[in-house]
Amino acid sequence: MVKLRLKRCGRKQRAIYRIVAIDVRSRREGRDLRKVGFYDPITNQTYLNLPAILDFLKKGAQPTRTVHDISKKAGIFTELNLNKTKLN
């Protein structure tokens, strides 16, 4: 199973996080399938690769709670619902 989760980067006391698609059994700094964005909690900057995230969500990837909250603020789930209604 694939999850969208945070991967810690940066230096001591100045962490930034990459949002990655990764296998559930991998550790936090393990090998990821694909990088789909980043999140800086100190400056509150976020970059998300929307097509890649939507692709993984359509294939059944599950976001962690934190990634879900970040994605919700960016409006990814509204785009996912819009795409579902267009297909039907």
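Predicted model: local features only at pLDDT ≥ 70, side-chain atom pairs only at ≥ 80, totals over all residues.
Residues are numbered from 1 along each chain as its sequence is written. Local features need pLDDT of at least 70 and side-chain atom pairs pLDDT 80 or more, while totals for chains, interfaces and linings use all residues, and side-chain values rest on heavy atoms, with hydrogens and water left out.

Helices (H or I, at least four residues) and strands (E, at least two) are DSSP runs numbered from the N terminus, and two strands are said to pair if DSSP finds at least two bridges between them. The two pairings that involve β2 are set out below.

| Strands | Sense | Bridges |
|---|---|---|
| β1 (residues 2-11) and β2 (residues 14-23) | antiparallel | ten bridges |
| β2 and β3 (residues 34-40) | antiparallel | five bridges |

Within the β1 and β2 pairing, leucine 4 has alanine 21 of β2 as its bridge partner, and in the hairpin of these strands, where two residues lie between them, glutamine 13 takes a positive phi near 65°. On the β3 side, the bridge partner of isoleucine 19 is glycine 37.

Helix α1 spans residues 50-58, and its buried residues are Ala52, Ile53, Leu54, Phe56 and Leu57, where buried means under 20% relative accessible area with a 1.4 Å probe and protein chains only. Glycine 60, which follows α1, has a positive phi near 110°.

Serine 71 belongs to helix α2 (residues 65-74) and counts as buried because its relative accessibility is 4%. The side chain of serine 71 reaches the backbone oxygen of valine 67 at 2.8 Å. Leaving aside residues up to four places away in sequence, serine 71 touches Leu48, Ile76 and Phe77, contact meaning heavy atoms within 4.5 Å.

How values were computed
Buried < 20%, exposed > 50% of the residue type's maximum accessible area, 1.4 Å probe, protein only. Polar contact = N/O pair within 3.5 Å; in protein donor to acceptor, adjacent residues only side chain to side chain.
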